[in-house]
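Hi,

Here is the structure I promised you. Have a look at it first, and then read my notes below.

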Amino acid sequence: MKIKYCLGVALIACAFDASAAEYEIAQRNKAFAPVYLKIKVGDVVNFVNDDPFAHNVYSLSETKSFDVGSYPKGQGKQITFDKPGQVFVECAIHPFMKMKIEVTQ
Amino acid sequence: MTRRTTVAASFVVIIVCVIGTAVSAPNFNQAKVEQFQRLPQIVESPSNPMSPARVALGKALFFDPRLSGSQSMSCASCHNPSLGWSDGLPTAIGQGMSKLRRATPTIVNSAYGSVFMWDGRKHSLEDQALGPIQAKDEMNMDMTILLERLSTIKGYREMFDHAYPGEGITPDAIAKAIASFERTVVSTNTPFDRWRRGEQRAVSDAAKRGFELFLGKADCVACHQGFNFTDEGFHNIGVKTVDGMKDDDGRYEQLKLRGMKGAFKTPTLREVALTAPYMHNGIYTTLEEVVDHYDRGGDVKDNLDISMRPLKLSTQEKIDLVEFMKTLTSERLEFAVPRLPQ
Ligand SMILES: [Cu+2]
């Protein structure tokens, strides 16, 4: 029981490791830049809209599924990737906007 | 100021003046304006390169009512060149006079498209072409019967052989030929394009002001972008359901995300003066009504796109926007309908 509890705490500690890195993905000229990103579990990606019109960001991937709605120029949306695996990221407004994030242990 | 910097400065002033006159309204942002120029190359599909034989075959198929179950309806019944490649109806009329739930979009410039249908359920022209032939409420044609029927027509046998040697008369070849023809249906010279190339008198002052509003105060360019005036994207602009019609979820039928409920593909604005009524359900009869819709900031406010807001346009500004849209019509329709193979 006690061991289990400790393990849980350790896991949580890992997930919120202070070394979690932050990355930025731009949405510019109706494309993600870059279109491929490799990160570690717990890292945060900030999607920033650099276009003078709205974008969205969502994923229906098993590893991480999210939909942040749409947001205007200059705004960003932060997503924490908490499981290892592949995440296909898209913009619902512009279906040709696609990118891939690989989350490793 | 040294003499050299003065010279340099006046040189800059001269350049600014020259550019200023070339674009006529000096406050146009060049980058914003250049996106509306036609791409220099013809758009082709790498897996289905165009050839005159393929286009000729596709053109015949597009106009041939023998592609329908009743032998009375062709693609051109709804996508009619005389009506801006649409049908002039609020929503299409299909087999047995059945009223379809959505308006017929023009196929002009579909070569430039990356996603098709109001809800984006098709991803290429090839992918789209066989849909309406087989749809019960559209051309209602059984594919096996169609292949048999076409093989009995000598002219078609020859045309398929020329266009896709060795492939035979297959659904795939039919789709590819129709798509090849559709890629040739592009808008040609418009007053707008002539103006952008420097012909100052090609459009009225009202239209020029309208374009400025389009890029600025009215921000239509948030969605109607590029040569074909569409971002190939999906937006809910708050269009009401027509009385007696069912609510249409639009893009949400394909992509179950909150923001996609009631979102539809941004249509091209090229040839738009010829393709009334407007919107996916044909709710508006005139461009004036469309501009009023945007001026109100849309009608159905739940799930509205964040770019939609009341515009507070003056009467003159509304007129200017409409005048601008009317400059997007090709000068003339140069098109000969085909004599069908026998
Ligand atoms: Cu986008």
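Let's start with a helix in chain B, α10(B): eight of its 11 residues are buried, so the helix is largely enclosed by the rest of the structure. Keep in mind that this is a predicted model.

Which residues of α10(B) are buried? They are B:Ala206, B:Ala207, B:Lys208, B:Gly210, B:Phe211, B:Leu213, B:Phe214 and B:Leu215. And what do they pack against? Look for α2 (30-34), α9 (191-196) and α12 (315-326), which belong to chain B too.

Now go to the segment after α12 of chain B, where you'll find B:Thr327. B:Thr327 counts as buried because its relative accessibility is 8%, and the cut-off for buried is under 20%. Leaving out residues up to four places away in sequence, B:Thr327 touches B:Thr190, B:Pro191, B:Phe192, B:Val203 and B:Ala207.

One more stop: B:Asn228, in the loop between α10 (205-215) and β1 (234-235) of chain B. Is B:Asn228 buried or exposed? With a relative accessible area of 9%, B:Asn228 is buried. If you skip residues up to four places away in sequence, it touches B:Asn109, B:Tyr112, B:Thr268, B:Leu269 and B:Arg270. With one of these, B:Thr268, B:Asn228 makes a polar contact, side chain to side chain, at 2.8 Å.

Cheers

Conventions:
Residues numbered from 1 in each chain as written. Chains lettered and ligands numbered in written order. Predicted model: local features only at pLDDT ≥ 70, side-chain atom pairs only at ≥ 80, totals over all residues. Heavy atoms only, no water. Helix = DSSP H or I, 4+ residues; strand = E, 2+ residues; numbered from the N terminus. Buried < 20%, exposed > 50% of the residue type's maximum accessible area, 1.4 Å probe, protein only. Polar contact = N/O pair within 3.5 Å; in protein donor to acceptor, adjacent residues only side chain to side chain. Contact = heavy atoms within 4.5 Å.
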